[in-house]
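Visitor: Please pick one part of this model and take me through it closely, with its setting and its neighbours. I would like the cut-offs for each term as you go.

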Amino acid sequence: MIDVNIRKSGTGRPAPRPHAARRRLLPWLALALAAPALAQPVAPAPAVPEAAAPAPAASAAATPVPASAAAAPDALTGSVTDDSAWQSLGIDIPAFATDADKPTPASVDGSSGLGTAALGRAIAEVITADLRNNGLFKPVGPNALPQVPFAEVAAPDFAGWAGRNAGMLVQGAVVAGTDGSLDVGCGLYDVRLQQQLIRTSLTLPPADWRRAAHKCADTIYSRLSGESPFFDSRIAYIAETGPKDHRMKRLAIMDSDGANHRFITTGQAMALTPRYSPDYRSIAYLSYLDGEPRLYIYDIATNHQRLLVATHHPTFAPRWSPDGKFLLYSMAIAGNTNIYRIPVDGGPSQQLTDTPGINIGGSYAPDGKRIVFESDRSGSQQVYVMNADGSNQRRISFFGGRAATPEWSPRGDLIAFTHIAGNLRIAVMTPDGSAMRYLTDSWQDEAPTWSPNGRIVQFFRTAQGSGHTSIWQVDLTGHNLRRLPTPVDASDPAWGPVRP
Amino acid sequence: MNSNGHIRARRLARGLSPLGAALGLALLSACAGKAPRVLPPNPGPEVGTTTTTPASTTPSGPVPGSEGDFQAVLMGRDTIYFDTDKYNIDADDAAALQSQAQWLLRYPAKHATIEGHCDERGTREYNLALGERRANAAKAYLQSLGVDGARLNVISYGKERPVALGSNEEAWAKNRRAVTVIID
């Protein structure tokens, strides 16, 4: 049988499934029969109430499954023991069907006003790309597969699909709702078992169709790997253009797969080190506006920004608390830099470190009780942990070289950081500083940021000589290293949480 | 260890850095041909660059008390250099800062900005703080020589504004610097 636990073996932690309880699991047939009244809007409304799941009519296959491999189909033979074997799991993802090809305001690759049939194909392509880029699966996309008739969506032609070698099948439908919304549903099927493993559906504005694809990919990924989802998330970063000694650095945002790219600032003032707020409504970042490096909070909906701290001392390294109510920042006074905490909605700052030298950065543990940060109080950059009130500061990095830019995993089990010993490399260690290991080996990789599920690390890579920068990601095995598509050079990625 | 032979090159790029990015971009197109040209160890272009500034002021020289005057008098000692990850003032730095202090004491109405910079071989945020620390080390030394601290502004550009574009020890040594700029 397929051991879906293998991806977790590196951490020894049970796979959390917090999102399973939140995911809306609508009766698949209801969607296939185009009953949009059952669906709830996903965006822009905030979180779907937890009480909404699981839907009463959900079948056994749709109820949240335990994270273990217990539910893995016995019919899939062959023991999966390493990554390469795992990757052999084929998934066929034909174009999503539609009951009637109706025009929508959605745009795909620059073409607007696409019908639900075209969207069905585009959604299947995005799901395919998500799963392929993740490196865990071997999906086959809609261009190589037959079109599924709408009537077959809820009742796959298992016999027909069995003729192919894919063990898994993803089928779905796109239906234009009466209120201008889009209903998208998808199901994951085990072809040999002739059984549905999980399904999901959601209603959203047509312009957000890619989110439907990401939610579907998240559902499939979670069901097959036992991990929490992460595809439906966004990334803030710095877009770089121009020669090495006069780089223009602009704040920019994009989806986790690089789509829906948008420049936020014009580049008139150099922007650095953004961090998305946990609710995605604002971005904290450093700007040289007015000629001074200081932190601002940029409101994405209103396009307004405000100074985080009214000071003429330079402020650096913004970091949100997990609940979004506080920001850590670092401020230099007369050459010494220390870490402070400030309520986002206003109020006095609390100084957390007070040592000569440079204390900078900081990253909250997911429970908000501890902070990992960087300090050169020992003579070189090293990683320290303290309680959230600044007490009990102690160094955890003792493996030679310098250790910088620590980021606590959203799972809590690991800390990613930049290790400097000649080259700059991305590494991880446990919160007590043990089990340090490298994830990358290049000339200059720095500034890791975690995927929402704590399984992938993004960072930026600087090319020797030219100084060109690019965003890359690698999973915790150190495999599946991949460069993200960005329209220009890119640095300082900051990955936000899974969208509600 | 600090070669001051590249100061002319630095001045070009450094003169742009305090400006707004929009203005910087405008100047960039004008200077784009010059900045890279000073990098190869070719004395020709450097001399040409050096003579450019005096050429425009040949009749009377720079206005006394101006940034141009500061540069002409300091002859490269407007910049001090640091070892990797260090911010201490060594003997070469002290001599340069003494020259700066003499000029600043001669023109007590003038204010200056000290820019702190780092090489590219460090993490971005730490280098912002380290550049700040280097600029403050220069400021503190000038203050110890009698310059009023209220006249001295500091700003860090971290590793974001290199003047030497290579990825080698020579370039990095030139980029680990604090530059004093007179505010005209």
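Guide: In chain A, 52% of the 500 residues are buried; a residue is buried if 20 or more other C-beta atoms lie within 10 Å of its own, exposed if 12 or fewer and partly exposed in between, with C-beta atoms placed from the backbone. This is a predicted model, in which local features need pLDDT of at least 70 and side-chain atom pairs count only at pLDDT 80 or more, while totals for chains, interfaces and linings use all residues. Residues are numbered from 1 along each chain as its sequence is written, and chains are lettered from A and ligands numbered from 1 in the order in which they are written.

Chain A has five helices and 31 strands; both are DSSP runs numbered from the N terminus, helices being H or I with at least four residues and strands E with at least two. Of the contacts in chain A with a separation of 6 or more, 50% join residues 24 or more positions apart; two residues are in contact if their C-beta atoms, placed from the backbone, lie within 7 Å.

The part to look at closely is in chain B: helix α6, residues 124-144. Its 21 residues reach 30 Å from the first C-alpha to the last, close to the 30 Å expected at 1.5 Å a residue, where the expected span is 1.5 Å times one less than the number of residues. The rest of the structure largely encloses α6(B), because 18 of its 21 residues are buried. After α6(B) comes B:Gly146, with a positive phi near 105 degrees.

What does α6(B) contribute to the side of chain B that touches chain A? The contact takes 32 residues from chain B and 39 from chain A. On the chain B side, α1 (7-16), α2 (21-31), α6 and β3 (152-158) each supply at least two residues, and α6(B) gives the largest share, 10 residues. The chain B side divides into 17 nonpolar, seven polar and eight charged residues; Ala, Val, Leu, Ile, Met, Phe, Trp, Tyr, Cys and Pro count as nonpolar, Asp, Glu, Lys and Arg as charged, and the others, Gly among them, as polar.

Within chain B, α6 packs with α5 (residues 91-106): their axes come within 9 Å and cross at roughly 60 degrees. Axes are lines fitted to C-alpha atoms, for helices over the stretch in contact, and angles run from 0 to 180 degrees between N-to-C directions. The angle makes α5(B) oblique to α6(B), as under 35 degrees is roughly parallel, over 145 roughly antiparallel, 65 to 115 roughly perpendicular and the rest oblique. The crossing is right-handed, meaning that the near helix is turned clockwise from the far one by less than a right angle, with anticlockwise being left-handed. From α5(B) the contact uses B:Ala94, B:Leu97, B:Gln100, B:Ala101 and B:Leu104, and from α6(B) B:Ala138, B:Tyr141 and B:Leu142. By class that is seven nonpolar, one polar and no charged residues.

Helix α5(B) also meets α4(B) (residues 67-74), with axes within 10 Å that cross at roughly 140 degrees. α4(B) is therefore oblique to α5(B). B:Phe70, B:Val73 and B:Leu74 of α4(B) are in contact with a set made up of B:Ser99, B:Gln100 and B:Trp103 of α5(B).
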